Amino acid sequence: MQKEPAHSPYANSSGQAKNVILLIGDGMGLAQISAALYSNNNKLALEQFTSIGLHKSSSASDLITDSAAGATAFACGIKTYNGAIGVTSDTLPCYTILEEAESRGYATGMIATSTIVHATPAAFIAHQPIRIFYEEIAEDFLKTDIDLFIGGGKRYFDRREKDNRDLYAELKGKGYFVSDYSVEELSDVMLTSKRNFAYFTADKHPLPAMAGRDYLPLATKMACSFLSKRSEHGFFLMVEGSQIDWCGHANDGQLAIGETIDFDKAIAAALSFAKRDGQTLVIVTADHESGGMALNPGSEMNKINARFTTNGHTGAMVPVFAYGPSESLFTGIYENTEIYYKIRQAMGFSTEAPSPAP
Ligand code: MG
Ligand code: ZN
(Lines give C-alpha, C1' and ligand atoms only; values in the text may rest on other atoms or scores of the structure.)
(Ligands and ions follow the chains in the order given, each with its own letter.)
Protein backbone atom coordinates (compact mmCIF):
# COMPACT_ATOMS: atom_id res chain seq x y z
CA MET A 1 0.00 0.00 0.00
CA GLN A 2 1.17 3.47 -0.85
CA LYS A 3 1.02 5.95 1.97
CA GLU A 4 -0.83 9.12 1.03
CA PRO A 5 0.93 12.32 2.02
CA ALA A 6 -0.99 14.24 4.66
CA HIS A 7 -1.50 17.26 2.42
CA SER A 8 -3.03 15.28 -0.43
CA PRO A 9 -6.66 16.18 -1.09
CA TYR A 10 -7.16 12.50 -1.98
CA ALA A 11 -5.88 11.04 1.28
CA ASN A 12 -9.19 9.30 1.92
CA SER A 13 -10.14 8.41 -1.61
CA SER A 14 -10.15 4.89 -2.99
CA GLY A 15 -7.35 6.14 -5.18
CA GLN A 16 -8.75 5.07 -8.55
CA ALA A 17 -8.62 7.64 -11.31
CA LYS A 18 -11.47 7.73 -13.80
CA ASN A 19 -9.61 10.08 -16.12
CA VAL A 20 -5.88 10.53 -16.71
CA ILE A 21 -4.30 13.60 -18.28
CA LEU A 22 -0.60 13.11 -19.04
CA LEU A 23 1.13 16.37 -19.91
CA ILE A 24 4.61 16.05 -21.42
CA GLY A 25 6.84 19.09 -21.69
CA ASP A 26 9.32 17.85 -24.27
CA GLY A 27 12.81 18.78 -23.08
CA MET A 28 11.49 20.42 -19.92
CA GLY A 29 13.97 20.06 -17.06
CA LEU A 30 14.13 21.92 -13.77
CA ALA A 31 16.00 24.85 -15.34
CA GLN A 32 13.29 25.38 -17.95
CA ILE A 33 10.66 25.25 -15.20
CA SER A 34 12.65 27.59 -12.93
CA ALA A 35 13.30 30.09 -15.70
CA ALA A 36 9.60 30.14 -16.58
CA LEU A 37 8.67 30.55 -12.91
CA TYR A 38 11.00 33.51 -12.39
CA SER A 39 9.84 35.05 -15.66
CA ASN A 40 6.18 34.74 -14.71
CA ASN A 41 6.11 36.79 -11.50
CA ASN A 42 7.36 33.81 -9.47
CA LYS A 43 4.15 31.88 -10.10
CA LEU A 44 3.30 28.71 -12.04
CA ALA A 45 0.30 26.37 -12.03
CA LEU A 46 2.85 23.62 -11.45
CA GLU A 47 3.20 24.83 -7.85
CA GLN A 48 -0.28 23.44 -7.11
CA PHE A 49 0.91 19.85 -7.46
CA THR A 50 1.13 17.93 -4.21
CA SER A 51 3.07 14.78 -5.20
CA ILE A 52 6.44 15.16 -6.87
CA GLY A 53 9.02 12.63 -8.02
CA LEU A 54 11.92 12.13 -10.40
CA HIS A 55 12.34 9.69 -13.25
CA LYS A 56 15.45 8.22 -14.80
CA SER A 57 15.11 8.91 -18.49
CA SER A 58 17.62 6.60 -20.20
CA SER A 59 16.63 4.50 -23.22
CA ALA A 60 17.66 0.93 -24.11
CA SER A 61 20.27 2.19 -26.56
CA ASP A 62 21.57 5.34 -24.86
CA LEU A 63 21.95 6.90 -21.45
CA ILE A 64 20.58 10.02 -23.12
CA THR A 65 17.20 9.30 -24.63
CA ASP A 66 15.48 10.88 -27.58
CA SER A 67 11.79 11.76 -27.60
CA ALA A 68 10.73 8.62 -29.48
CA ALA A 69 12.19 6.18 -26.94
CA GLY A 70 11.17 8.52 -24.12
CA ALA A 71 7.53 8.59 -25.19
CA THR A 72 7.50 4.83 -25.88
CA ALA A 73 8.65 4.30 -22.28
CA PHE A 74 5.59 6.23 -21.04
CA ALA A 75 3.23 4.70 -23.61
CA CYS A 76 4.25 1.02 -23.34
CA GLY A 77 6.37 0.68 -20.22
CA ILE A 78 9.43 -0.54 -22.11
CA LYS A 79 12.91 0.80 -22.74
CA THR A 80 13.62 0.80 -26.46
CA TYR A 81 16.16 2.31 -28.84
CA ASN A 82 16.32 6.00 -29.72
CA GLY A 83 14.10 6.64 -32.73
CA ALA A 84 11.62 3.83 -31.97
CA ILE A 85 7.92 4.71 -32.22
CA GLY A 86 5.78 2.33 -30.16
CA VAL A 87 8.02 -0.65 -30.88
CA THR A 88 10.40 -2.80 -28.82
CA SER A 89 14.15 -3.06 -29.32
CA ASP A 90 13.31 -5.85 -31.81
CA THR A 91 10.97 -3.45 -33.69
CA LEU A 92 7.89 -5.41 -32.58
CA PRO A 93 4.82 -3.26 -31.86
CA CYS A 94 4.07 -2.64 -28.18
CA TYR A 95 0.50 -2.11 -27.01
CA THR A 96 0.17 1.47 -25.79
CA ILE A 97 -1.78 2.80 -22.83
CA LEU A 98 -3.84 4.87 -25.27
CA GLU A 99 -4.69 1.82 -27.38
CA GLU A 100 -5.57 -0.20 -24.29
CA ALA A 101 -7.72 2.60 -22.86
CA GLU A 102 -9.55 2.76 -26.17
CA SER A 103 -10.15 -0.98 -26.27
CA ARG A 104 -11.49 -0.82 -22.72
CA GLY A 105 -14.07 1.76 -23.80
CA TYR A 106 -12.35 4.90 -22.58
CA ALA A 107 -12.32 8.05 -24.66
CA THR A 108 -8.84 9.01 -25.87
CA GLY A 109 -7.18 12.18 -27.08
CA MET A 110 -3.87 13.79 -27.95
CA ILE A 111 -2.80 17.40 -28.37
CA ALA A 112 0.63 18.67 -29.46
CA THR A 113 2.29 21.91 -30.46
CA SER A 114 4.41 20.07 -33.05
CA THR A 115 2.99 18.02 -35.90
CA ILE A 116 0.70 15.35 -34.48
CA VAL A 117 2.91 12.71 -36.17
CA HIS A 118 6.03 13.89 -34.33
CA ALA A 119 7.78 11.41 -32.00
CA THR A 120 6.01 12.15 -28.71
CA PRO A 121 2.37 11.83 -29.80
CA ALA A 122 3.31 9.19 -32.39
CA ALA A 123 4.64 6.76 -29.78
CA PHE A 124 1.21 6.58 -28.13
CA ILE A 125 -0.67 5.57 -31.27
CA ALA A 126 1.73 4.37 -33.97
CA HIS A 127 4.19 1.51 -34.41
CA GLN A 128 7.11 2.38 -36.67
CA PRO A 129 10.79 1.45 -36.57
CA ILE A 130 11.97 5.01 -37.26
CA ARG A 131 10.52 8.29 -36.05
CA ILE A 132 10.83 10.08 -39.39
CA PHE A 133 8.22 7.83 -41.06
CA TYR A 134 5.69 10.65 -40.70
CA GLU A 135 3.34 9.51 -43.46
CA GLU A 136 3.28 5.95 -42.10
CA ILE A 137 2.59 7.35 -38.63
CA ALA A 138 -0.33 9.35 -40.05
CA GLU A 139 -1.71 6.09 -41.49
CA ASP A 140 -1.50 4.51 -38.04
CA PHE A 141 -3.86 7.22 -36.70
CA LEU A 142 -6.48 5.85 -39.09
CA LYS A 143 -6.12 2.37 -37.63
CA THR A 144 -7.47 3.63 -34.30
CA ASP A 145 -10.62 5.40 -33.20
CA ILE A 146 -8.91 8.08 -31.14
CA ASP A 147 -11.70 10.46 -30.16
CA LEU A 148 -9.78 13.70 -30.49
CA PHE A 149 -6.50 14.94 -31.82
CA ILE A 150 -5.24 18.47 -32.28
CA GLY A 151 -1.84 19.42 -33.70
CA GLY A 152 0.14 20.33 -36.78
CA GLY A 153 1.07 18.19 -39.78
CA LYS A 154 -1.90 18.43 -42.13
CA ARG A 155 0.40 17.75 -45.10
CA TYR A 156 1.16 14.21 -43.88
CA PHE A 157 -2.56 13.49 -44.15
CA ASP A 158 -3.77 15.28 -47.27
CA ARG A 159 -0.75 15.89 -49.51
CA ARG A 160 1.37 12.82 -49.17
CA GLU A 161 4.51 11.97 -51.07
CA LYS A 162 4.47 8.19 -50.76
CA ASP A 163 0.94 7.63 -52.06
CA ASN A 164 -2.20 9.46 -53.16
CA ARG A 165 -4.26 8.63 -50.10
CA ASP A 166 -6.13 11.57 -48.63
CA LEU A 167 -6.27 10.73 -44.94
CA TYR A 168 -8.08 13.99 -44.21
CA ALA A 169 -10.95 12.74 -46.38
CA GLU A 170 -10.60 9.24 -44.93
CA LEU A 171 -11.00 10.62 -41.41
CA LYS A 172 -14.21 12.30 -42.52
CA GLY A 173 -15.26 8.99 -44.06
CA LYS A 174 -14.73 7.35 -40.67
CA GLY A 175 -17.18 9.85 -39.17
CA TYR A 176 -14.70 12.36 -37.78
CA PHE A 177 -15.47 16.04 -37.68
CA VAL A 178 -12.26 17.31 -39.31
CA SER A 179 -11.18 20.91 -39.56
CA ASP A 180 -8.00 22.95 -39.70
CA TYR A 181 -6.31 26.33 -39.38
CA SER A 182 -7.11 27.28 -42.99
CA VAL A 183 -10.86 26.81 -42.41
CA GLU A 184 -11.46 28.26 -38.95
CA GLU A 185 -9.76 29.09 -35.68
CA LEU A 186 -9.90 26.36 -33.07
CA SER A 187 -11.73 28.82 -30.80
CA ASP A 188 -14.47 29.13 -33.43
CA VAL A 189 -15.06 25.40 -33.79
CA MET A 190 -18.51 24.29 -32.65
CA LEU A 191 -17.62 20.95 -31.07
CA THR A 192 -20.22 18.22 -30.84
CA SER A 193 -19.48 15.27 -28.61
CA LYS A 194 -21.43 13.05 -31.02
CA ARG A 195 -18.47 12.66 -33.39
CA ASN A 196 -14.73 12.13 -33.14
CA PHE A 197 -12.75 15.30 -33.70
CA ALA A 198 -9.52 16.05 -35.58
CA TYR A 199 -8.12 19.55 -36.02
CA PHE A 200 -4.88 20.53 -37.75
CA THR A 201 -3.25 23.65 -36.35
CA ALA A 202 -0.65 23.95 -39.12
CA ASP A 203 0.42 22.41 -42.38
CA LYS A 204 3.68 21.32 -40.79
CA HIS A 205 4.89 22.61 -37.40
CA PRO A 206 2.84 25.27 -35.59
CA LEU A 207 4.48 28.61 -34.71
CA PRO A 208 6.40 29.13 -31.47
CA ALA A 209 4.35 30.52 -28.57
CA MET A 210 6.28 33.79 -28.75
CA ALA A 211 5.23 34.17 -32.40
CA GLY A 212 1.58 34.07 -31.40
CA ARG A 213 0.65 30.38 -31.09
CA ASP A 214 -1.78 30.14 -28.19
CA TYR A 215 -4.05 27.14 -28.77
CA LEU A 216 -2.57 24.65 -26.30
CA PRO A 217 -4.43 25.84 -23.15
CA LEU A 218 -7.70 26.21 -25.07
CA ALA A 219 -7.29 22.82 -26.75
CA THR A 220 -6.64 21.21 -23.35
CA LYS A 221 -9.76 22.78 -21.87
CA MET A 222 -11.86 21.76 -24.89
CA ALA A 223 -10.48 18.22 -24.84
CA CYS A 224 -11.29 17.63 -21.15
CA SER A 225 -14.87 18.73 -21.61
CA PHE A 226 -15.26 16.87 -24.91
CA LEU A 227 -13.68 13.60 -23.77
CA SER A 228 -15.63 13.52 -20.50
CA LYS A 229 -18.81 13.41 -22.61
CA ARG A 230 -17.50 10.74 -24.99
CA SER A 231 -17.39 7.82 -22.55
CA GLU A 232 -18.85 7.02 -19.17
CA HIS A 233 -15.78 4.90 -18.38
CA GLY A 234 -13.43 7.89 -18.43
CA PHE A 235 -10.69 9.19 -20.69
CA PHE A 236 -6.96 9.21 -21.35
CA LEU A 237 -5.55 12.46 -22.73
CA MET A 238 -1.93 13.20 -23.66
CA VAL A 239 -0.99 16.87 -24.00
CA GLU A 240 2.47 17.82 -25.25
CA GLY A 241 4.30 21.11 -24.97
CA SER A 242 6.39 20.01 -27.94
CA GLN A 243 8.58 23.01 -28.61
CA ILE A 244 10.30 23.45 -25.24
CA ASP A 245 12.76 20.89 -26.61
CA TRP A 246 13.47 22.85 -29.76
CA CYS A 247 14.45 25.91 -27.70
CA GLY A 248 17.01 23.74 -25.95
CA HIS A 249 18.38 22.59 -29.30
CA ALA A 250 18.51 26.22 -30.42
CA ASN A 251 20.01 27.36 -27.07
CA ASP A 252 17.35 30.07 -26.88
CA GLY A 253 16.41 30.80 -23.27
CA GLN A 254 13.72 33.36 -24.03
CA LEU A 255 11.93 30.99 -26.40
CA ALA A 256 12.19 28.20 -23.82
CA ILE A 257 10.60 30.46 -21.22
CA GLY A 258 7.78 31.36 -23.62
CA GLU A 259 7.09 27.71 -24.43
CA THR A 260 7.19 26.63 -20.80
CA ILE A 261 4.82 29.40 -19.68
CA ASP A 262 2.43 28.41 -22.48
CA PHE A 263 2.67 24.77 -21.38
CA ASP A 264 1.98 25.83 -17.79
CA LYS A 265 -1.26 27.46 -18.95
CA ALA A 266 -2.29 24.11 -20.42
CA ILE A 267 -1.40 22.52 -17.07
CA ALA A 268 -3.65 25.11 -15.38
CA ALA A 269 -6.51 24.13 -17.70
CA ALA A 270 -6.04 20.43 -16.89
CA LEU A 271 -5.86 21.15 -13.14
CA SER A 272 -8.95 23.29 -13.27
CA PHE A 273 -10.89 20.42 -14.87
CA ALA A 274 -9.42 17.90 -12.39
CA LYS A 275 -10.35 20.02 -9.37
CA ARG A 276 -13.93 20.36 -10.50
CA ASP A 277 -14.20 16.73 -11.58
CA GLY A 278 -12.53 15.13 -8.55
CA GLN A 279 -11.83 11.85 -10.39
CA THR A 280 -9.04 12.98 -12.66
CA LEU A 281 -5.34 12.26 -12.22
CA VAL A 282 -3.07 14.89 -13.79
CA ILE A 283 0.58 14.00 -14.38
CA VAL A 284 3.17 16.45 -15.69
CA THR A 285 6.64 15.36 -16.74
CA ALA A 286 9.17 15.49 -19.55
CA ASP A 287 10.85 12.86 -21.68
CA HIS A 288 14.30 14.39 -21.01
CA GLU A 289 16.01 17.73 -20.52
CA SER A 290 17.26 19.62 -23.58
CA GLY A 291 20.23 21.94 -23.91
CA GLY A 292 21.75 21.47 -20.45
CA MET A 293 20.10 24.76 -19.59
CA ALA A 294 21.21 26.75 -16.55
CA LEU A 295 20.15 30.00 -14.89
CA ASN A 296 23.56 31.63 -14.81
CA PRO A 297 24.89 34.35 -12.52
CA GLY A 298 23.45 37.71 -13.50
CA SER A 299 19.94 36.26 -13.57
CA GLU A 300 17.28 38.36 -11.87
CA MET A 301 13.55 38.00 -11.36
CA ASN A 302 11.95 38.45 -14.81
CA LYS A 303 15.40 38.69 -16.43
CA ILE A 304 17.00 35.27 -16.71
CA ASN A 305 20.54 34.82 -17.98
CA ALA A 306 20.11 31.40 -19.58
CA ARG A 307 23.13 29.38 -20.66
CA PHE A 308 23.41 25.99 -22.29
CA THR A 309 25.98 23.20 -22.31
CA THR A 310 24.90 21.42 -25.51
CA ASN A 311 22.54 21.69 -28.45
CA GLY A 312 21.36 18.15 -27.74
CA HIS A 313 19.52 16.38 -24.93
CA THR A 314 21.00 15.73 -21.49
CA GLY A 315 20.78 12.84 -19.03
CA ALA A 316 19.68 14.61 -15.84
CA MET A 317 16.76 13.05 -14.01
CA VAL A 318 13.39 14.56 -14.92
CA PRO A 319 10.76 15.88 -12.48
CA VAL A 320 7.28 14.32 -12.30
CA PHE A 321 4.29 16.18 -10.81
CA ALA A 322 1.01 14.44 -9.97
CA TYR A 323 -2.35 15.67 -8.71
CA GLY A 324 -5.50 13.66 -8.11
CA PRO A 325 -6.48 10.10 -7.22
CA SER A 326 -3.39 7.87 -6.77
CA GLU A 327 -1.07 10.87 -7.01
CA SER A 328 1.20 9.50 -4.29
CA LEU A 329 2.25 6.66 -6.63
CA PHE A 330 4.36 9.24 -8.44
CA THR A 331 6.57 10.29 -5.53
CA GLY A 332 10.10 8.90 -5.26
CA ILE A 333 12.76 8.09 -7.84
CA TYR A 334 12.06 5.51 -10.53
CA GLU A 335 12.65 4.59 -14.18
CA ASN A 336 10.67 6.41 -16.89
CA THR A 337 8.93 3.11 -17.71
CA GLU A 338 7.35 3.16 -14.25
CA ILE A 339 5.15 6.09 -15.33
CA TYR A 340 3.29 3.61 -17.53
CA TYR A 341 2.77 1.13 -14.71
CA LYS A 342 1.76 3.83 -12.25
CA ILE A 343 -0.87 5.11 -14.71
CA ARG A 344 -2.17 1.56 -15.15
CA GLN A 345 -2.39 1.13 -11.40
CA ALA A 346 -4.12 4.48 -10.97
CA MET A 347 -6.69 3.55 -13.62
CA GLY A 348 -7.32 0.19 -11.99
CA PHE A 349 -5.91 -1.80 -14.92
CA SER A 350 -4.14 -5.02 -14.02
CA THR A 351 -0.60 -4.30 -12.95
CA GLU A 352 0.76 -6.61 -15.61
CA ALA A 353 1.09 -5.08 -19.04
CA PRO A 354 -0.99 -6.74 -21.71
CA SER A 355 0.90 -8.35 -24.57
CA PRO A 356 1.45 -8.68 -27.38
CA ALA A 357 0.22 -5.76 -29.41
CA PRO A 358 -3.06 -6.26 -31.29
MG1 MG B 1 8.06 15.82 -28.69
ZN1 ZN C 1 15.01 17.08 -28.91
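**Helix α8.** I began with helix α8 (residues 215-230), whose 16 residues should span 22 Å at 1.5 Å a residue, and I found its end C-alpha atoms 22 Å apart, which agrees; the expected span is 1.5 Å times one less than the number of residues. Helices here are DSSP runs of H or I with at least four residues, strands are runs of E with at least two, and both are numbered from the N terminus. I noted that this is a predicted model, in which local features need pLDDT of at least 70 and side-chain atom pairs count only at pLDDT 80 or more, while totals for chains, interfaces and linings use all residues. Residues are numbered from 1 along each chain as its sequence is written, chains are lettered from A and ligands numbered from 1 in the order written, and side-chain values use heavy atoms, without hydrogens and water.

I then looked up which residues of α8 are buried (under 20% relative accessible area, with exposed over 50% and partly exposed in between, for a 1.4 Å probe and protein chains only), and found among them Y215, L216, M222 and F226. The buried residues of α8 pack against several elements, including β1 (19-25), β3 (107-115) and α10 (253-277), where contact means heavy atoms within 4.5 Å.

**Magnesium ion (ligand 1).** For the magnesium ion I found the protein donors D26 (OD), T120 (OG1) and E240 (OE), at 2.0 to 2.2 Å. T120 lies in helix α4 (residues 119-125) and E240 in strand β7 (residues 235-241), so the pair ties together parts 120 residues apart in sequence. Both T120 and E240 are buried.

**Lysines over rings.** Lastly I checked for charges over rings, which requires NZ of Lys or CZ of Arg within 6 Å of the ring centre and within 35 degrees of the ring normal. K154 lies over the face of Y168 at 5.7 Å from the ring centre, and K342 lies over the face of Y334 at 4.4 Å.

Definitions and conventions:
Donors are N, O and S atoms within 2.8 Å of the metal (3.2 Å for Na, K and Ca); water is not among the atoms, so sites may look incomplete.
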